[in-house]
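Trainee: I would like to go through this model with you, moving from the contact between the chains to single residues and their partners. Could we settle the terms as we need them?

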Amino acid sequence: MNFTLKVWRQKDSGDPGHFETYPVTGILEDMSFLEMFDVLNERLIVEGKDPVAFDHDCREGICGMCSMYINGRAHGPMKATTTCQLFMRHFRDGETIVVEPWRAAPFPVVRDLVVDRSAFDRIIEAGGFISVNTGNAVDANTIPVEKDRAEAAFAAAACIGCGACAAACINSSALLFVASKVAHLSMLPQGFAERRSRVVQMVAQMDREGFGSCSNTRACEAECPKEISYSNIAKLNLEYLRASLSPQGPVVQKK
Amino acid sequence: MQWKQLLTSAVGKKFVMGFTGLFLVLFLIVHCSINFCIFVPDHGKTFLEVAHFMGFNWIMHILELGLFVGIFAHIIQGWALTLQNRNKRPVQYAVSRRNQNSTWYSRSMGLLGTLIFIFLLVHWANFWAPNRYHMITGGKELNLFERMKSLFSHGWLVIFYLAGLFSLFWHLLHGFQSAFRTFGLDSGKYIPLIRGIGTAYSILVPVIFALMPVSIYFGWVS
Ligand code: HEM
Ligand code: SF4
Ligand code: FES
């Protein structure tokens, strides 16, 4: 298969950046989108040009490192798919494909298609954890958890922190990411200790990083490669209301 | 950080929108029930009696004050949110296929709200302001029934009202369920209930409002 790629090139965060057009030929239909970039980059290296920088790691859809806004969609046009699991057979032969980095103020471009997503790490640091006593590991089954609750928490835990939700959101809101972490940790007894502070602190950090607020458009859910349900956002909102209205206050830890 | 975040964080600002939005939703039920009285075939007698009750009652004046605070809080927070959220993406995408992941009206709440606001200004100038002026200077309300009849004899004004109500329909179609989601209720077994009531409300309320100018224009009301 042959394609024309229009790829965003940007030397560093200070460079304004621009699109470059590259024809790519001889692509197999079972190659992934990233493998197509490997083919392009090998050619660029042989030609003595700068290869296109892009993020990737596992290439099996579980790590959340790959990104790319492909033809106007986060992780490309397929549902529930990361860019590394997006195959070229889903494109038309001869198609022009526009590839851009995630666009959001808290995700500054580092180079080409690579953006800095450490804002997500700082949101996790603000409350995406549980406290565990030291000593012997406790058998997981000693604490009973209702099955539906365990399943909902597990579904929320599938978030791989890729950032597609914020990249696709018209408000650049990271609320689906935050909501999946809050739903995952606050629904389980192991996460109850920080329940009131977690949600308030994580949202406060999201604000500090410069993400927007949620307009409930559901674009995040449609673009999420892990199909995290946007019901988790309703759960987060309720947790937030509960924590803020509790007479003891949200008990926010001072940094 | 005890109360502040309830109004000022990314989630708190939405609580303000949702709370004032649902307050306006309640108000519209009252407003359209009163207006519906013009369809009682008694030359507007019932309508004028109810309107009089609303105009000369101190409880209503306090509620009216609350209504204005609510409307302006909703509008100002709505515009602020729209602008703040827009600034979160300084470099726009060259290609963006948003229609494939969300509805246009859910992404256009600020625009639809602004259209409703323009409608409201004209609507206030048509009824509320002259009526208040009359009450203050003459101590009596205007005959709003007669005023409706004379204003809605102009086809262009009827079309303007219909356009305003059409914007309201789209705003509510997303806003109603969005507000419940903001408060965490549009979830689980409540989803079909809230979606159903929301869609019915968004259609019924603008249609009932639209019936007034339309029926007066076509002379269906005596
Ligand atoms: C009587 C008229 C109105 C009613 C009944 C109404 C109702 C609502 C409701 C129920 C919501 C959903 C709140 C949420 O998502 O939590 C909403 C959102 C919104 N309204 Fe209104 N509204 C009205 C007029 C206006 C006006 C005049 C503006 C002017 C700017 C406006 C701007 C907005 C905006 C921007 C949002 C979306 C906020 C967001 O999701 O980020 N609305 N409205
Ligand atoms: S919620 Fe989905 S889109 Fe957002 S970071 Fe997690 S996996 Fe990625
Ligand atoms: S590279 Fe790991 S999810 Fe795509």
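Mentor: Let us begin with a term: a polar contact is a pair of N or O atoms within 3.5 Å, where within protein one must be able to donate a hydrogen and the other to accept it. Keep in mind as well that this is a predicted model.

Trainee: With that rule, how many residue pairs are in polar contact between chain A and chain B?

Mentor: The contact takes 52 residues from chain A and 39 residues from chain B, and the area buried between the two chains is about 3,700 Å², with carbon and sulfur atoms giving 54% of that area. Counting pairs with both residues at pLDDT 80 or more, the number in polar contact between chain A and chain B is 26.

Trainee: Which element gives the largest share of the side of chain A that touches chain B?

Mentor: The elements of chain A that give two or more residues to that side are β5 (96-100), α4 (164-168), α6 (195-209), α7 (219-223) and α8 (231-245). The largest share is nine residues, and the element that supplies these residues is α8(A).

Trainee: By class, how many nonpolar residues does the side of chain A that touches chain B have?

Mentor: Sorted by class, this side of chain A has six charged and 15 polar residues. The nonpolar residues on the side of chain A that touches chain B number 31.

Trainee: Turning to the inside of chain A, against which elements do the buried residues of α2(A) pack?

Mentor: In helix α2 (residues 118-127) of chain A, the buried residues are Ala119(A), Phe120(A), Ile123(A), Ala126(A) and Gly127(A). They cover an arc of only 115° around the axis, and therefore lie on the same side of α2(A). The elements of chain A against which these buried residues pack are α5 (175-186) and α6.

Trainee: Is Ser167(B) buried or exposed?

Mentor: Ser167(B) sits in helix α7 (residues 155-182) of chain B, and, leaving aside residues up to four places away in sequence, touches Leu112(B), Leu115(B) and Ile116(B). Because its relative accessibility is 8%, and the cut-off for burial is under 20%, Ser167(B) counts as buried.

Trainee: How many residues apart in sequence are the parts that Arg117(A) and Asp55(A) tie together?

Mentor: Arg117(A) and Asp55(A) form a salt bridge in which the closest N and O atoms are 3.1 Å apart. Arg117(A) lies in the loop between β7 (114-115) and α2 of chain A, whereas Asp55(A) lies in the loop between α1 (33-46) and β3 (69-70), so the pair ties together parts whose separation in sequence is 62 residues.

Trainee: What is the separation in sequence for Glu223(A) and Arg73(A)?

Mentor: The side chains of Glu223(A) and Arg73(A) meet in a salt bridge, at 2.6 Å from N to O, and both residues are buried. Since Glu223(A) belongs to helix α7 of chain A and Arg73(A) to strand β4 (residues 73-74) of chain A, the pair ties together parts separated in sequence by 150 residues.

Trainee: Is Lys45(B) buried or exposed?

Mentor: Lys45(B) forms a salt bridge with Glu49(B), at 3.4 Å from N to O, and the two residues are separated by about one helical turn because they are four residues apart in helix α3 (residues 45-55) of chain B. Glu49(B), with a relative accessible area of 47%, is partly exposed. Lys45(B), with a relative accessible area of 52%, is exposed.

Notes: Residues numbered from 1 in each chain as written. Chains lettered and ligands numbered in written order. Predicted model: local features only at pLDDT ≥ 70, side-chain atom pairs only at ≥ 80, totals over all residues. Heavy atoms only, no water. Contact = heavy atoms within 4.5 Å. Buried area = accessible area lost by both parts, 1.4 Å probe. Polar contact = N/O pair within 3.5 Å; in protein donor to acceptor, adjacent residues only side chain to side chain. Nonpolar A, V, L, I, M, F, W, Y, C, P; charged D, E, K, R; others polar. Buried < 20%, exposed > 50% of the residue type's maximum accessible area, 1.4 Å probe, protein only. Arc of directions from axis to C-beta. Salt bridge = Lys/Arg side-chain N within 4 Å of Asp/Glu carboxyl O.
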